Amino acid sequence: IQVIGQLLFQVLIVPALKLSSKNRIQALKSKLHFDNSNISNTSIFPVDSVNSSKTKTKLSDLNPELIIVCGTRIIKKEILNCTSATFINIHAGITPKYRGVHGGYWALSNDDKQNFGVTLHVIDAGIDTGKIISQTTIEYTENDNFVTYPLLQLTSGLELLNIFLTKKNNTFVEGRTENSCLYYHPTIWHYLSKLFAKGVK
């Protein structure tokens, strides 16, 4: 039942939000100086999955020092261990309280707007359980919703990443809370109930 609710949310709600938020999305991309130009094909190495043997071989060949991850599926130990590189993740939520997906939305859904933010952390074998490099809360407006929250989080996440790369700061910080919870995609009935009861978009 939960999976059906999640699918209905993705099929019915998300496209409607994208359509109604078209102007807001364009305004954010312009304000935040997002570059929509195509990346050269010579800089792209397509794979079927981050966990594929093709990915493992490519990472082994490249032998990088640092790998930046943003918005991918859970990376298996086999991939994490195929290179000596450190994996860094831009996570759309405040960990460890909001692990998983859509951390910003879940914070607002839980009346926890002080934890609407983004985290830069090291990837380990767990799900968003790695050591925290830095994290910050984010301001949002009444014009934002489920499909625009990630743009705000990505912008702040890239700022944290830039600071990390510039200062090469290898220190870690404690999470904002001892509570740790793993979140998934909302169901259509959860979203609608929070929308009408609390105005969470």
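This is a predicted model: local features need pLDDT of at least 70, side-chain atom pairs count only at pLDDT 80 or more; totals for chains, interfaces and linings use all residues.
View 1. Trp189 is found in helix H7, which covers residues 188-198. Together with Ile1, Ile4, Leu8, Val11 and Leu12, Trp189 makes a nonpolar surface patch of about 650 Å². Helix H1 (residues 2-20) gives the most to this patch, with four residues.

**View 2. The salt bridge between Glu78 and Lys56.** Four salt bridges are found in a search of the whole structure. In one of them, Glu78 pairs with Lys56, and the closest N and O atoms are 3.3 Å apart. Glu78 belongs to helix H4 (residues 77-80) and Lys56 to helix H3 (residues 53-62), so the pair ties together parts 22 residues apart in sequence. Glu78 is partly exposed, at 48% relative accessibility. Lys56 is also partly exposed, at 31%.

**View 3. The salt bridge between Asp112 and Lys97.** The closest N and O atoms of this pair are 2.9 Å apart. Asp112 sits in the loop between helix H5 (103-109) and strand S4 (117-122), and Lys97 in the loop between strand S2 (86-91) and strand S3 (99-100); the two are 15 residues apart. Asp112 counts as buried, with a relative accessibility of 5%.

**View 4. The salt bridge between Lys198 and Asp111.** Here the closest N and O atoms are 2.8 Å apart. Lys198 is partly exposed, with a relative accessible area of 39%, whereas Asp111 is exposed, at 55%.

Conventions: Residues are numbered from 1 along each chain as its sequence is written. Side-chain values use heavy atoms; hydrogens and water are left out. Patches are made of residues with over 30% relative accessible area and no salt bridge: like charges are joined within 9 Å, nonpolar side chains (Val, Leu, Ile, Met, Phe, Trp, Tyr) within 5 Å. Accessible areas come from the Shrake-Rupley method with a 1.4 Å probe; for residues, only the protein chains shown count as cover. A salt bridge is a side-chain nitrogen of Lys or Arg within 4 Å of a carboxyl oxygen of Asp or Glu. Buried means under 20% relative accessible area, exposed over 50%, partly exposed in between (1.4 Å probe, protein chains only).
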